[in-house]
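Reader: Could you take me through one part of this fold up close, and then show me what surrounds it? Keep it chatty, but give me the cut-offs.

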Amino acid sequence: MLATVFHSSQAQAAISIDSDEIVSVGLTEQLGQLSISSQDVKGLKPGAVVPSMMAANITDPKTVANALETVFKRYKRAPKRIAMVLPDTIAKVTLLSFDAVPDRESDLEQLIRLKMKRSAPFSLDDAQLSYLKCGTNRAKQSQFLVVVVQKTILAEYEDVCSAAALKVGCVDLASFNLINTYLYIHPHRQPVDWMLVHVARYYTTVALVRGAQLIFFRTQAIGPGTSLENFIHQTTMYHEDRLDGNGIERVVFLTTESESKADALEPVLRRAFHDSPKVAFEELGTQILTAIKSEKQLALPTVNRLAAPIGILLRDRHN
């Protein structure tokens with residue numbers, strides 16, 4: 001499973017904070033069966049949160065803190081420690097490859113920082129850096145998943161949680177934990193190449209996974225001139241030309257945008273793959289409903305929005 005921006009002890013619940021809403025979820029486990037024991041979705045007024053890698057994200061801290069307090073007042077027992085999932089657009093994500101890896105961890109981090117200085121759009125002196133060994137590439141080089149985010153941006157999200165009397169034990173990006181959720185549900189599938197397509201309100205992330213190894217990750221802002229079909233086409237060409245890909249066998253998709261519907265997304269994806277019978281299409285929320293029980297009946301769009309915070313709790317429980 002994938003890396004985290006930072007991590008301490010196990011969380012009792014998880015939240016995601018995005019531009020339009022806060023989502024919370026809690027899990028329980030009995031005799032090996034996971035259940036969604038608590039969940040809530042709280043809308044935010046436009047502009048209260050503006051996810052960005054370079055600028056202030058939380059423009060109205062009081063509104064966001066009040067929304068968090070409202071969410072957790074509905075819990076039978078308020079959690080003492082939470083995990084937090086944030087939009088992919090707040091961080092710089094890179095896959096780095098090395099011919100040789102230093103034996104000492106401090107030397108490895110220094111080497112990673114040196115490489116990241118060339119591409120990060122902000123000073124690493126003021127950034128939180130996290131990395132994880134991520135298999136090897138086709139040249140048999142060691143590969144690392146690297147995430148950097150400005151400390152001031154992380155502090156904004158932590159501060160609104162503190163204002164709501166919540167202690168954050170783990171912070172990570174949304175799409176990493178969508179992958180974690182899917183890998184938890186299907187741990188024994190054949191190690192084929194598959195694609196995650198995550199459509200959020202203002203961005204789309206496409207990731208390629210070989211079995212359980214991340215081999216490609218890219219986030220694209222949604223705006224004039226952008227096309228999901230073109231994004232998918234470019235990714236599949238890169239997969240074939242640069243990643244020794246022999247076709248994508250499965251596309252796992254969802255939209256976490258509150259006003260969108262995944263049933264409108266699937267036809268776009270099928271067109272992007274020319275309706276190939278060799279590609280299976282799976283909505284992540286549907287997969288969750290088959291594997292994890294819920295104390296309340298949940299609509300599929302709600303489950304899709306719960307998927308990322310569920311993923312961070314699954315990893316926290318089973319790492």
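Author: Start with helix 4, residues 174-185: at 1.5 Å a residue its 12 residues should span 16 Å, and the end C-alpha atoms sit 17 Å apart, which agrees. The expected span here is 1.5 Å times one less than the number of residues. Helices are DSSP runs of H or I with at least four residues, strands are E runs of at least two, and both are numbered from the N terminus. Keep in mind that this is a predicted model, where local features need pLDDT of at least 70 and side-chain atom pairs count only at pLDDT 80 or more, while totals for chains, interfaces and linings use all residues. Residues are numbered from 1 along each chain as its sequence is written, and side-chain values use heavy atoms, with hydrogens and water left out.

Helix 4 is mostly covered, with 11 of its 12 residues buried. Buried means under 20% relative accessible area, exposed over 50%, and partly exposed in between, using a 1.4 Å probe and protein chains only. Among the buried ones are Phe176, Leu178, Tyr182 and Ile185.

Now zoom in on Ser175, which belongs to helix 4. Ser175 counts as buried because its relative accessible area is 0%. Its side chain makes a polar contact of 2.5 Å with that of Asp88, and another of 2.9 Å with the side chain of His198. A polar contact is a pair of N or O atoms within 3.5 Å; within protein, one must be able to donate a hydrogen and the other to accept it, and residues adjacent in sequence count only if both atoms are side-chain atoms. Leaving out residues up to four places away in sequence, Ser175 touches Asp88, Leu196, His198, Thr205 and Phe217, where contact means heavy atoms within 4.5 Å.

What about the greasy parts? The largest nonpolar core has 73 residues, and Leu68, Phe72, Met84, Tyr157, Leu214 and Ile310 touch the most other members. Such a core is a set of buried Ala, Val, Leu, Ile, Met, Phe, Trp, Tyr and Cys residues joined through side-chain atoms within 4.5 Å. Helix 8 (residues 300-318) gives the most to this core, eight residues. Apart from it lies another core, of 21 residues, including Val206, Phe216, Ile248 and Leu265.

Back to Tyr157: not counting residues up to four places away in sequence, its contacts include Ile17, Val49, Met84, Leu86 and Ile90.
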